[in-house]
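Thanks for coming. I will talk through one structure, so please have the sequence and the model open.

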Amino acid sequence: MNKPLVRRAAVVALAACSMLAAGGATSAQEKNAVAADQAAQKVAATICTSCHGPSGISTSPLFPRLAGQQELYLAAQLRAFKGRTRGEQDAHDYMWGMATLLDETVIDALARYYAAQKPAPGTPGNAVLIARGKILFEQGDPAHEVVPCASCHGNAAQGNAIFPRLAGQHAAYVVRQLQVIQRQFRDSPIMHGVIKEIDADGMKAVAEYVQSL
Amino acid sequence: MSCLRKPVSTRARAACGLVLALCGTAAQAVPAYARQTGQNCVACHVSFPELTAYGRWFKLSGYTIGERQTVPLAMMAQVGSTQIKNNDDGTGTDTPVTARDRQLAFNGASLFLAGKATDDFGGFVQWTVATEYKTDGPSTTHGALDNTDVRWVGRMAGPTADDIRLLYGLTLHNNPTAQDVWNSTPAFGFPFTASPTAVGPTAGTQIEGALAQQVAGIGVYGFYDKTWYAELTGYRTADGIFSVLRTGQDISTPGGVARLKGYNPYLRLAYNREWGPNSLMFGGFGMTVDRYLDNTDPDSGTDRFSDRGIDVQYQYVTNPHTFTAQARFVREHQDYKTSFAQGATSNSSDTLDSLQMKATYYYEHQYGVTLSHFALKGTADPTLYPAGAVTGSANGSPDSRGYILELDYLPVQNVRLMLQYTAYNKFNGGSDSGYDGATGRSPHDNNTLFLNVWIAY
């Protein structure tokens, strides 16, 4: 028998099997992802929408707008709710229980879903506050060691990976998050260091500005 | 207010008093739902039982949001003390107006079976044990089915499937408006709880508690785009296969429960708008019932009561400030086609108007103050509203009006300490002493201070 020929045939056969197996695995993963996306859309449309609004555009400032939010940030927050490591009162009151209903694949799919939604347009507000907030957002407040928000959240407050989108977010929600982070009710070491010296007026101004974007 | 409609026997009054006592504890806060959703009470309630926008959605969704619980039980209990301004009935017989004045009194305890059964089916069933305190004998404690509402719900998605465009469902319940989600309607309207022993105005419309836990309501509803709500329900006597809905009621004593002829229609329409932290609802409702004079006698003939109401609710819910206001006006046309023929009323028909308004402020869902105004105004009918110590009327008029001031403190989310003061400017047709036509009692003598502790688990 021609041993090299047999060896080559065996290698070809193994390669073919591997490709088939890989193809099968990819197909299974795709099916799982599609199933997770469908489950996530159902959860979003029947449960999340109750507070966060259709497509993640909430009307009440108690609840953040999720449309267009950064996918990584959303997934991280849902896991923080589920793991109860995000501990401010509102997280406890509204999200801890809801997040326990989600498995890991649905968390990722929900993050994908909301990240893909068209964000709400900005809301006009108090011009004086917006002007002050714009300066704070773009230039920071060196006297109080507040770095420009834009350096992490992007020039248009569009967010970046784990840094959340702020554009179009409810001003009251932004202020509340700044408060709970500053008081360390919400664990966020980077943000706590950045905003520890910002005062209430500064919070209002920057929140009014990002809401207008 | 009172469910008394016409002169009835002492036993019937006692039975009605028991219903009233149960009505007094009828408001719900169901911790089983908090366990089901994993959310805090504040997600659904401004302060229990007043619902937030999300709480309304939860209820209309058939209580199905969340994870089904293995043991979907919850409990509630109230204990309080009532102090009436003048506890002497003025007859010279040393008879008190209310039992256990200025003493601790049990205001009822409830067990709930509540929550999700499937993704499309859920509800709550409440069993309440309450004590009836009597001024002329020993107190009695009695258990009965309280407010109950079970639902099947369906959902229709919008064009993009990102939202529920139409939420619709079927409801089976035992108290008109207990199925409603706005707290401007009677069943879960203010006051959310009241003294079990205080005296109140004699008159009251049918839709404001007179049929509670005595009827079966079978309804269909739809909530479109979170904007338009419509509901059509038929109410019938809770007998036959529906008799479980009035378990514990006195059905053998004349006047013990209401008995209706056939199915009686109830229609509800509401416009709802939510923007920012605000929500606003304008609505109307109507119910017409044919009620037998004697629930034990199917040949006793019926009177027809036609209730037409309008209501409005506004809520501003943020953290830490919450402000809410509700108002309701009900006009009841009372066609006494049978009662008048039998001499039980002075007129062949009467009208009774009922107004209820309240405004509430809460700080951090913990410290609350509520001011309410109520008024009853109707046709004088000396046979229907005769003279008599305390609960009578000198001029046959049902007119009453007054105010309620309530202070609330919730040290934890499921415990409420409340101080409620009810003041009357007019009582059963009179504003001055002698309003009852039998004694020198004045409306102010019925002013009541009620201290209550309300615990839910």
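In helix 4 of chain B, the buried residues are B:Ala53, B:Tyr54, B:Gly55, B:Arg56, B:Trp57, B:Phe58, B:Lys59 and B:Leu60. Buried means that 20 or more other C-beta atoms lie within 10 Å of the residue's own; 12 or fewer makes it exposed, anything in between partly exposed, and the C-beta atoms are placed from the backbone. Because eight of the eight residues of helix 4 of chain B are buried, that helix is largely enclosed by the rest of the structure. Just after helix 4 of chain B, B:Gly62 has a positive phi of about 75°.

A word on what you are looking at. This is a predicted model, in which local features need pLDDT of at least 70 and side-chain atom pairs count only at pLDDT 80 or more, while totals for chains, interfaces and linings use all residues. Residues are numbered from 1 along each chain as its sequence is written, and chains are lettered from A and ligands numbered from 1 in the order in which they are written. Helices (H or I, at least four residues) and strands (E, at least two) are DSSP runs, numbered from the N terminus.

Now, how many residues of chain B are in contact with chain A? There are 23, and they meet 24 residues of chain A; contact means C-beta atoms, placed from the backbone, within 7 Å. On the chain B side, at least two residues each come from helix 3 (41-44), helix 4 (53-60), strand 6 (140-157) and strand 10 (264-275).

Strand 6 of chain B also pairs with strand 7 (residues 164-173) of chain B, antiparallel, over nine bridges. Two strands pair if DSSP finds at least two bridges between them. B:Arg155 sits opposite B:Leu167 of strand 7. Six residues lie between the strands in this hairpin, where B:Ala161 takes a positive phi near 60°. Strand 7 of chain B is in turn joined to strand 8 (residues 215-224) of chain B by eight bridges, again antiparallel. There, B:Leu166 has B:Tyr224 as its bridge partner.

Chain A has nine helices and zero strands. Of its 213 residues, 42% count as buried. Helix 2 (residues 71-82) and helix 3 (residues 89-100) of chain A pack at about 95°, with axes 7 Å apart. Axes are lines fitted to C-alpha atoms, for helices over the stretch in contact, and angles run from 0 to 180 degrees between N-to-C directions. Helix 2 and helix 3 of chain A are therefore roughly perpendicular; angles of 65 to 115 degrees count as that, under 35 as roughly parallel, over 145 as roughly antiparallel and the rest as oblique.

Conventions: Two residues are in contact if their C-beta atoms, placed from the backbone, lie within 7 Å.
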